Amino acid sequence: MTEASSAHSSRRHHWRREVVELAALFTAVAVADAVANTVAHGPSGPVLLCAAAVALIATAGFHVWWTRRHESASPPTDTGATAPSPADPAARAGGEGTTLWRMRTTVRDEPGSLAALCTALAARRVDILSLQTHPLSAGTVDEFLLRAPASLAPGELTRTVAGAGGAHSWLERADAHDLVDAPTRMLGLATRTALDSAELPLALRQLLGRCTIHSVPARSLTGQPLAEQVPAEGVLEEHVMKFRDPSGGSLTIERPQLPFTPTEFARVRALVELDTRLGQRVPRRRDVLTLPEGNEITVRRADTSDLVAAREMHDRCSARTLGLRYHGPVGDADRYLGHLLSPRFGRTLAVETASGRLVALGHLLWDGDETEVALLVEDDWQQRGVGGELLRRLVAMAAETGCESVYAITQASNTGMVAAMRGLGLPLDYQIEEGTLVITARPAGMPARRESHESVRVQDGTGRR
């Protein structure tokens, strides 16, 4: 029935009801007049009027009770509908939670192939939230973001896709961050990369999912060439991508569980070219802190422009302090600084005194799938809380970038580093081999730092507060 016919029927229904109510009203008036004449001329007129009033009140009360009872009664259980079968996917999904999945599958490059796949997913009550296509020479790789009933097992989902013509399917859990559409995500990653050189590996990992990124410098500490010569346009293999690093080295990305597509290669190359054109850059934020003893220090990001100041700090450090930090000959310590201060290999925090002298460095280094944290504090500034402050900030950075764990390599006799790691308030794993201690923490449970306005002030890159 259309909307117009429904409205017409409703108006006709109201017209009939009004006529019936009007006729009933005239009938009631006529009956009332007859009763009044009879009662008024009878011997028991007042008694009959009182009895009629009581009966009228009782009737009205009964009518109100009956109406309320039927309004509050539950609807009849037999509606004529067929009860859903427990095996029906719609019945299983009703009232249950859902799960987000990222899925890739290869379909034939023929009309109707994608439609058949979408129809099969719809039959299992799977909602397609987004779709990206990656054209290949032998077909098309379709990347889906799916919302499926929680009761639908991953194996059932992949079998459904295979039955609809999907091949080489890959499936993993997704989260709310994957709900962002591809253009918006690329713009966000480009912005992060433009603001900070150290963001490139993190942006690539977020773009590609689980992968291993190796950034190899052009030469070793002894001057031997390390990085292979990569063509300017980059190299795309099935599970490996290679690009030139802006510093002259190479950037290698590996993903054994899932082949790369030409679309992904083009996106990565765009980010690498953006990073190359902008050159080295770090945020200029500066935090001014007051230590418990009253001294003010400034914590900021460092880069290769701090190389001279870092070498001067090395000269003021004792041989024992340098040995605990670099685990090797003290004479080689300066050789590591160029690598450590480069945003290409991680993030570095520097601590300056009120006079501008560099007294501590903290490094967060990308190491493939893992992340290393390291500290160096000048002897005169140890045991003042500087190392603990640096470590908390570095581990918080690791948590923000999604690192599942960070590790510190030191010696069992380095009680200061052990105490700083324990001060994080995180579960720690210890491994000791021949005097070398590896302490691993999981930054996901990193508690929020508590700072008062009296102890921390923020400055921008111009030094203004």
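Select Glu-172: it is buried, at a relative accessible area of 15% (buried means under 20%, exposed over 50%, partly exposed in between; 1.4 Å probe, protein chains only). This is a predicted model, where local features need pLDDT of at least 70 and side-chain atom pairs pLDDT 80 or more, while totals for chains, interfaces and linings use all residues. Residues are numbered from 1 along each chain as its sequence is written, and side-chain values use heavy atoms, without hydrogens and water.

Glu-172 lies in strand β4, residues 167-173 (strands are DSSP runs of E, at least two residues; helices of H or I, at least four; numbering starts at the N terminus). Show Trp-101, Arg-102 and Arg-210: Glu-172 touches them, leaving aside residues up to four places away in sequence (contact means heavy atoms within 4.5 Å).

Next, Arg-173. Its charged end sits over the ring of Trp-101, 5.4 Å from the centre (CZ of Arg or NZ of Lys within 6 Å of the ring centre and within 35 degrees of the ring normal). Then jump to Arg-384, over the face of Trp-381 at 4.3 Å from the ring centre.

Now select Phe-243 and Phe-265. Both are buried. Their ring centres are 5.3 Å apart and their planes at 20 degrees, so the pair is stacked (Phe, Tyr or six-membered Trp rings with centres within 6.5 Å; planes under 30 degrees stacked, over 60 edge-to-face, the rest tilted). Phe-243 is in strand β7 (residues 240-244) and Phe-265 in helix α8 (residues 262-278), 22 residues apart.
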